[in-house]
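Let's walk through this one together, question by question. Have a look at the fold first.

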Amino acid sequence: LYKKLMDNTVVRMKDNSITVQIYCKHYLPQGVFEGSEEEYFQFWIDMIQKSLKYSEAQIKLSYTNKEDREYTRKFYDYCVTKKIFKNIVIAETDSIEKYVEVIKSTSAIITGRMHAMILAMMYENELYPYVFKEKIQTFKEEWIESEKSVESAVEQVEEFIGRLKEKWELI
């Protein structure tokens with residue numbers, strides 16, 4: 001998949017947008033966020049405001065599943081009604097192709113989704129992880145904070161598969 005995505009990559013300028021994936025509050029593990037929906041929205045608003053480098057930057061809300069899509073729309077309506085951000089849109093990412101295009105073109109991404117974090121690293125986006133699970137914390141420590149490259153990860157996986165194949169042939 002990595003090679004396929006990279007082979008099909010068209011070099012393009014990144015815009016000054018930030019893509020945000022609102023995680024559906026109802027599917028958070030118990031104890032992660034105990035506040036109201038409005039407090040949860042405020043949490044995301046604060047996270048976005050801390051991550052914005054340009055006040056005019058477009059905020060693209062995206063999603064990867066039905067639950068997040070519906071919650072993203074609620075968050076969008078909340079922001080528009082309260083006039084919180086001037087330049088906020090929903091990027092309709094109902095297909096993997098549309099989703100990848102959004103990730104390719106954005107400058108930064110805020111997400112708690114592992115696939116989005118991997119794609120963000122592949123396309124060299126600034127990455128702001130929403131840590132709500134241990135695997136996200138581990139990914140943040142091992143890949144984002146250590147600044148490992150995606151290419152080195154691919155090499156490690158290929159080496160592992162090669163060793164596995166050698167052992168398999170001995171059986």
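Q: Which residues form the negative surface patch?
A: This is a predicted model, where local features need pLDDT of at least 70, side-chain atom pairs count only at pLDDT 80 or more, and totals for chains, interfaces and linings use all residues. Residues are numbered from 1 along each chain as its sequence is written, and side-chain values use heavy atoms, with hydrogens and water left out. Patches take residues with over 30% relative accessible area and no salt bridge, joining like charges within 9 Å and nonpolar side chains (Val, Leu, Ile, Met, Phe, Trp, Tyr) within 5 Å; Lys and Arg count as positive, Asp and Glu as negative, with His and the chain ends not counted, and a charge is placed at NZ of Lys, CZ of Arg, CG of Asp or CD of Glu. Here the negative patch is formed by E124, E151, E155 and E159.

Q: Is E124 buried or exposed?
A: E124 lies in the loop between α5 (114–122) and β5 (126–129), with helices (H or I, at least four residues) and strands (E, at least two) taken as DSSP runs numbered from the N terminus. Buried means under 20% relative accessible area, exposed over 50%, and partly exposed in between (1.4 Å probe, protein chains only). At 69%, E124 is exposed.

Q: What is the phi of E124?
A: E124 is not a glycine, yet its phi is positive. The residue sits in the α5–β5 loop.

Q: Which residues make the nonpolar surface patch?
A: The patch covers about 280 Å², with accessible areas from the Shrake-Rupley method using a 1.4 Å probe, where for residues only the protein chains shown count as cover. One member, F160, is found in helix α7 (residues 150–170) and is partly exposed at 47% relative accessible area. The patch is made by F160, I161 and L164.

Q: How many helices and strands are there in the protein?
A: Read along the sequence, the pattern runs α-β-α-β-α-β-α-β-α-β-α-α. That comes to 7 helices and 5 strands.

Q: What share of the protein's contacts between residues at least 6 apart in sequence join residues at least 24 apart?
A: A contact here means heavy atoms within 4.5 Å. For context, buried residues make up 39% of the 171 residues, and the accessible surface comes to about 10700 Å², 53% of it from carbon and sulfur atoms. The share asked for is 64%.

Q: Which residues does D68 touch, leaving out those up to four places away in sequence?
A: D68 lies in helix α3. It counts as buried, because its relative accessible area is 4%. Its contacts are I22, Y23, C24, Y63 and R113.

Q: How many residues apart are D94 and R69?
A: Side chains of opposite charge can pair when their charged atoms come close. The side chains of D94 and R69 meet in a salt bridge (3.4 Å, N to O), meaning a side-chain nitrogen of Lys or Arg within 4 Å of a carboxyl oxygen of Asp or Glu. This pair links distant parts of the chain, with D94 in the loop between β3 and α4 (96–105) and R69 in helix α3, a separation of 25 residues.

Q: Which residues are linked in a network of salt bridges?
A: The structure holds 7 salt bridges. One of them joins E70 and R73 at 3.6 Å, N to O, and these two are separated by about one helical turn because they are 3 residues apart in helix α3. E70 is partly exposed at 38%, as is R73 at 29%. The network links R69, E70, R73, E92 and D94.

Q: Is K104 buried or exposed?
A: K104 and E101 meet through their side chains in a salt bridge (3.4 Å, N to O). They sit 3 residues apart in helix α4, so about one helical turn separates them. E101 counts as partly exposed at 32% relative accessibility. With a relative accessible area of 9%, K104 is buried.
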